[in-house]
Amino acid sequence: MEQRRLILAIALSIAILIGFQLVYKRVAPPPAMPSTPTAETAPPSAPSVAAGAGAGAAEAPATSGPRLAIAAPRLAGSLGLRGARLDDLVLRDYHETVAPSSPLVPLLARPGTSTAYYVQFGWSAPAGTMLPLPDSTTLWTASAPTLTPATPVTLTWDNGAGLHFALTLAVDDNYMFTVRQSVTNTTGTPVLLFPWARIRRDYTPPTAGYYILHEGLLGVIGGRLQELTYAKAKSAGERTGGLAYEATAPGGWAGITDKYWLTALIPPQTSDERVAFRDVTLGSETGYQVDFTPATPQTIAPGAEATTTLHVFAGAKEVHLLDRYERTLGIPSFDKAVDFGWFYFLTKPFFYAIDWLYQRLGNFGLAIMAFTVFVKALFFPLANKSYKSMGKMRLLGPKMQAMRERYKDDPARQQQEMMALYKAEGVNPASGCLPMLIQVPVFFSLYKVIFVTIEMRQAPFFGWIRDLSAPDPSNVFNLFGLIPFDPTQISPFLHLGVWPLLMGVSMFLQQKLNPPPPDPVQARMFQFMPVIFTFMLARFPAGLVIYWTWNNLLSIGQQWLIMRSAHLGPERGKKTKPAQT
């Protein structure tokens, strides 16, 4: 029974690791090539006119109209003055590949292109109200040619009927825009308006396609995290006429996320806002939209001005930066833009610990290794007890073999006698699986940290490992690059780098220190485990493989020292074997 539990525990560990990396990996859809948008859907609070957060006439050509330049320390790009669209943004600190000469990462792009992705601001009126309001064709006037952290810019437009609209834009030294929407009423009657903001992505982007990583629409609404993948948003929108999700709550935030990048709207946190996730039909293609509209309209009295201020985050999901915005701007759970997952209580502290070590060691690979030492020290007492029990199991091997021979025709009696032997010797046959079971949540949480945090992106180690978040690029099947051939074109399993090989060797050596299972079939199965794990981890991030290898080496050293100090090593077992048989 105990042996079956041991096998089951290890099988479960393997299933968890394989499942999250292989079984649940989805095929990422190819990027769509949308046609020029021709229609948009309106939020429930807005009429079907050109003022709605989702409604509008045909989009203006991407190159039409003047533009407001954006020059910030970490952002560069421009805003289209026609339609007041923030639709051209690149990240100064991030390149597409590890090569310093590779292009900067683009975030937002203009309408009419194959990757149209933009933020827009406007106003809508209650149903039945006929007012000339700004739309996607409106040409705004800018107070300055360039937006910088030191020089905010105000965009203005007069509707010719007594309403003066203004958008005051500011940007900080990182990735946060502050947008103040204001309307001055010079008519003789009160005016009711809904100021709105939206994020539009007019195509379906390629995704990493992993079950453990969310990419798509997300936000924290009413204190709860809401996530919709592109596929789920599309299917939900098809059932409801484009509205995939809707809620009304005070403040919160919502947007569209990639693996490392985020575009999010942060409305005022003191008033009820209606947020919607939408599936937008663009001819034969599909787009996606996140928009915020106040639950109740603003009433602008004659001669008065009404304002609302929101924030727009457009940049890299750096954990410490998100935490800082959460504190300073009061954004609820803004750190959940990073997909720390169900093991949040482990994953985020692990990130903090590794990042703290990185600040002192200057290398994330060394930080991971130092973190591994800390984890080993934390579980040192439990591991010691486990290794001592395994050493005793090795000494009991001859007695157990003799018992199997004696009761080979009576399995029930054999099991009973073995359990009595375990009890008499104070041995737990399942103790060997305890270190592995402890490693599973640690392994998975560390995997999440390496996989989802941008701090690990393109972080080098030493030698050929230039990106700890990517698999080891070397491959034994092409003699580590000597043969100009990519074996993975034949099969993705034909990728086996140096670090996965080292991990397999370390696992094999560790296995030799453990007592073999009494059942020969089980023993043969265990012999294949290093091979299985070697090929399985070959496509995992190199940082995770380095952790596993280093952890195995520490375990080997610890186990060898414990067994030697307690005189439980294999040599002692060999000496006592003749007397026991």
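**Reading the strands and helices**

Guide: Start with a turn: in the hairpin of S2 and S3, four residues lie between the strands, and Gly83 takes a positive phi near 95 degrees. Strands here are DSSP runs (E, at least two residues) and helices are DSSP runs (H or I, at least four), numbered from the N terminus. This is a predicted model, in which local features need pLDDT of at least 70 and side-chain atom pairs count only at pLDDT 80 or more, while totals for chains, interfaces and linings use all residues. Residues are numbered from 1 along each chain as its sequence is written, and side-chain values use heavy atoms, with hydrogens and water left out.

Visitor: How many bridges join S2 to strand S3, and in which sense do they run?

Guide: Strands of a sheet pair through backbone hydrogen bonds, either parallel or antiparallel. Two strands count as paired if DSSP finds at least two bridges between them. S2 and S3 (residues 85-95) run antiparallel, with six bridges. Gly77 has Leu89 of S3 as its bridge partner. S2 also pairs with S1 (residues 67-71), antiparallel, over five bridges. There, Leu68 stands opposite Leu79 of S2. Three residues separate S1 and S2 in their hairpin.

Visitor: How many residues of strand S2 are buried?

Guide: Buried means under 20% relative accessible area, exposed over 50%, and partly exposed in between (1.4 Å probe, protein chains only). S2 (residues 75-80) is mostly covered, with five of its six residues buried.

Visitor: In what order do the nine strands of the open sheet come?

Guide: The order is S6-S8-S9-S10-S20-S16-S15-S12-S13, with antiparallel pairing. The edges are S6 (141-142) and S13 (224-229), each pairing on one side only. Within the sheet, S8 (residues 153-158) and S9 (residues 163-171) share six bridges in the antiparallel sense. Trp157 stands opposite Phe165 in S9.

Visitor: Which strands does helix H2 touch?

Guide: Contact means heavy atoms within 4.5 Å. Directions are compared through axes fitted to C-alpha atoms, for helices over the stretch in contact, and angles run from 0 to 180 degrees between N-to-C directions. H2 (residues 230-240) packs on the sheet and touches S12 (216-221), S13 and S15 (253-257); its direction makes about 85 degrees with that of S13. H3 packs on the sheet too, touching S10 (176-185) and S20 (305-316), at about 165 degrees to S20.

Visitor: Why do the buried residues of H2 line one face of the helix?

Guide: An α-helix has 3.6 residues a turn, so residues three or four places apart point the same way. In H2, the buried residues are Tyr230, Ala233, Ala236 and Gly237. Seen down the axis of H2, they fall within an arc of 135 degrees, so they line one face. The arc is taken from the directions from the helix axis to the C-beta atoms. On the other side, Ala231, Lys232, Glu238 and Arg239 are exposed. After H2 comes Gly241, with a positive phi near 75 degrees.

Visitor: At what angle do the axes of helix H3 and helix H4 cross?

Guide: Two packed helices are described by the angle between their axes and the distance between the axes. The axes of H3 (residues 319-329) and H4 (residues 344-361) cross at roughly 115 degrees and come within 11 Å. H3 contributes Val319, His320 and Asp323, and H4 contributes Lys348, Phe351, Tyr352 and Asp355.
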